[in-house]
Amino acid sequence: VEAIPFSTVENKSGSELVVSINDNVEAFFSSLSVWVEPDARIVIKGKDRLYTDWRIESNVEEQKVMEHFRGAVKKWEEQDQKLMIQTAQLFETMSSVKQQEKEEKKIWDKVKKVYAQQDVLRLKSAPVIIKIMQETEVTLVWIKKLNELSYLYKFNAGFKQKAEVVALYNRLSEKDKELDCVKDLTVRLFPPTVVVVGDDMADADLYDVNGKIHHLSDFKGKY
């Protein structure tokens, strides 16, 4: 690593570390996931802020799987990261024009355009990731990728592979579903029903002060 400070932060999932890449000159921050285990030999090689060009040489199985995913979508991730740098620079510029509403709006409009470009790239890479997941066994890395797909599923209207993502989810074991990250993605894939004004209430048992049971349906149309 040349001229790029980094640190490692342990992830609660267990064997994943995050290498944080900071560049105060261009207001850039990013991170790279590195999977570790006792006595593992891991070498990270990179010379600039584009972590998509960094190579991780490792004998850890999870890292080998991660590198397979990274290699498959490298062309889109590289473009995505360049757009992330643009966004960081725009936010840095925005902080220097505080209280200038017109200038802030111009910058925010540019940010939204960059976000839209990133969405397109992620939609392009999603089918490739899904295909790999369909052909490989469930691992922590696999679950991490499912978690990433769940955000596209919920928040991107252009995402077309919803049925495939649900099929992948159905491969999870009951033990897998106890993981916190899986509980979170479950809510994104299968959000709880939200009632709105005008919806019928559940026709549950209602007790009066004398202990007699009533139902809402008994009073429907009477009041």
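An α-helix has 3.6 residues a turn, so residues three or four places apart point the same way.

The model is predicted, and local features need pLDDT of at least 70, side-chain atom pairs count only at pLDDT 80 or more, and totals for chains, interfaces and linings use all residues. Residues are numbered from 1 along each chain as its sequence is written, and side-chain values use heavy atoms, with hydrogens and water left out.

The overall architecture comes next. The protein has six helices and seven strands; helices (H or I, at least four residues) and strands (E, at least two) are DSSP runs, numbered from the N terminus. Along the sequence, these elements follow the pattern β-β-β-β-β-α-α-α-α-α-α-β-β. Of the 223 residues in the protein, 31% are buried, buried meaning under 20% relative accessible area, exposed over 50%, and partly exposed in between (1.4 Å probe, protein chains only). The protein exposes about 14,700 Å², of which carbon and sulfur atoms supply 54%; accessible areas come from the Shrake-Rupley method with a 1.4 Å probe, and for residues only the protein chains shown count as cover. Among contacts between residues at least 6 apart in sequence, 47% join residues at least 24 apart, a contact meaning heavy atoms within 4.5 Å.

Helix 5 shows how a helix is placed against its neighbours. In helix 5 (residues 162-169), Val165, Leu168 and Tyr169 are buried. Seen down the axis of helix 5, these buried residues fall within an arc of 100 degrees, so they line one face of the helix; the arc is that of the directions from the helix axis to the C-beta atoms. The buried residues of helix 5 pack against helix 3 (101-135), helix 4 (140-155) and helix 6 (180-189).

Gln118 lies in helix 3 and is buried, with a relative accessible area of 4%. Leaving aside residues up to four places away in sequence, Gln118 touches Asp80, Leu83, Met84 and Thr87. Lys110, also placed in helix 3, counts as partly exposed at 49% relative accessibility. The C-alpha atoms of Lys110 and Leu90 are separated by 7.9 Å, although the two residues are 20 residues apart along the chain.

On the surface, Phe91, Trp108 and Tyr115 form a nonpolar patch with about 270 Å² of accessible area together. Patches are made of residues with over 30% relative accessible area and no salt bridge, like charges being joined within 9 Å and nonpolar side chains (Val, Leu, Ile, Met, Phe, Trp, Tyr) within 5 Å. Phe91 belongs to helix 2 (residues 74-95) and is partly exposed at 34% relative accessibility.

Charged pairs form the next topic. Side chains of opposite charge can pair when their charged atoms come close. A search of the whole structure finds 14 salt bridges. In the pair from the opening, Lys112 is partly exposed at 43% relative accessibility, and Asp109 is partly exposed at 28%. Lys131 and Glu135 meet in a salt bridge at 2.6 Å, N to O; being four residues apart in helix 3, they are separated by about one helical turn. Lys131 is partly exposed, with a relative accessible area of 48%, whereas Glu135 counts as exposed at 56%. Glu67 forms a salt bridge with Arg70, the closest N and O atoms being 3.0 Å apart, and these residues are three residues apart in helix 1 (residues 61-72). Glu67 is partly exposed at 24% relative accessible area, whereas Arg70 is buried at 11%. Lys45, Arg55 and Glu57 are linked in a network of salt bridges.

The description ends with Leu216, in the segment after strand 7 (213-214). Leu216 is partly exposed at 35% relative accessibility. Leu216 touches Met201, Ala202, Asp203 and Leu206, not counting residues up to four places away in sequence. Leu216 and Asp205, eleven residues apart in sequence, are 8.4 Å apart in space, C-alpha to C-alpha.

Conventions:
Salt bridge = Lys/Arg side-chain N within 4 Å of Asp/Glu carboxyl O.
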